[in-house]
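I opened this notebook to record what I looked up in one structure. The entries are kept in the order in which I made them.

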Amino acid sequence: MDIKKIRELVDLMEEKDLLNLEYGHDDKYISLTRNTAVHTVAVPQVAPVATPAPPPASAATPSGKLETSPMVGVFYSAPSPNDPPFVKVGQKVEAGDTLGIIEAMKIMNPLEATQSGIIEEILVNNAEVVEFGQPVIRYKA
């Protein structure tokens, strides 16, 4: 295969914005791969959640302070699948106690209580993806 044919193939790759091209004819074969400077990162896709309708005016709106996620990641309620959860509903916690773990970029980050109180509700499930600022724990008012 001559250099002219290879240049034609490279031009074709650029023209059609191809990353890979394989060409074979008779007993000759060439495989070309373009090196692009763009790096892609796989991000887990989360299905959009329908926004629930606001509760009727007569329904009691939960009160109490919230503990929110400081980052995007996966929330874990226990140190490992065989261990008990860090906290349970009705448990008293002090500021600085570990409430769970948020895994972000393969790093396990403890979610610590920023205040003392009694856990009224755990708002996310184990192994659920949480967003920055998403409420995770509700304390009793």
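This is a predicted model: local features need pLDDT of at least 70, side-chain atom pairs count only at pLDDT 80 or more; totals for chains, interfaces and linings use all residues.

Entry 1. I looked up the strand order and found an open sheet of four strands, arranged E7-E6-E4-E9 with antiparallel pairing. E7 and strand E9 (128–130) each have a single partner strand and stand at the edges, so one side of each is left without a neighbour in the sheet. I also took the angle between neighbouring strands of this sheet: on average they are turned by 40° against each other, direction ignored.

Entry 2. I asked how many bridges join E6 to strand E7. There are six, and the two strands run antiparallel, with E7 formed by residues 107–112. I then checked individual partners. Thr98 has Glu112 of E7 as its bridge partner, and Ala104 stands opposite Ile107 in E7. Two residues lie between the strands of this hairpin.

**Entry 3. The largest nonpolar core.** I found 13 residues in the largest nonpolar core. Phe75, Val93, Leu99 and Ile119 are the residues with the most contacts inside this core. Strand E6 (98–104) and strand E10 (135–139) each supply at least two of its residues. I noted which strand gives the most to this core: E10 does, with three residues.

**Entry 4. A separate core.** I recorded another core of five residues, which lies apart from the largest one. Its members include Met13, Leu21, Ile30 and Leu32.

**Entry 5. Phe75.** I listed the contacts of Phe75, leaving aside neighbours within four places in sequence. Among them are Leu99, Gly100, Ile101 and Ile102. Further partners of Phe75 include Leu111, Val124, Val130 and Val136. I also noted Asn125, Asn126, Ala127 and Glu128 as contacts of Phe75.

**Entry 6. Ser77.** I asked where Ser77 lies. Ser77 is in the loop between strand E4 (73–76) and strand E5 (92–93). With neighbours within four places in sequence left aside, Ser77 is in contact with Pro85, Phe86 and Asn126. I then took one distance: the C-alpha atoms of Ser77 and Gly100 are separated by 4.7 Å, although these residues are 23 residues apart along the chain.

How values were computed
Residues are numbered from 1 along each chain as its sequence is written. Side-chain values use heavy atoms; hydrogens and water are left out. A nonpolar core is a set of buried Ala, Val, Leu, Ile, Met, Phe, Trp, Tyr and Cys residues joined through side-chain atoms within 4.5 Å. Buried means under 20% relative accessible area, exposed over 50%, partly exposed in between (1.4 Å probe, protein chains only). Contact means heavy atoms within 4.5 Å. Two strands pair if DSSP finds at least two bridges between them. Axes are lines fitted to C-alpha atoms, for helices over the stretch in contact, and angles run from 0 to 180 degrees between N-to-C directions.
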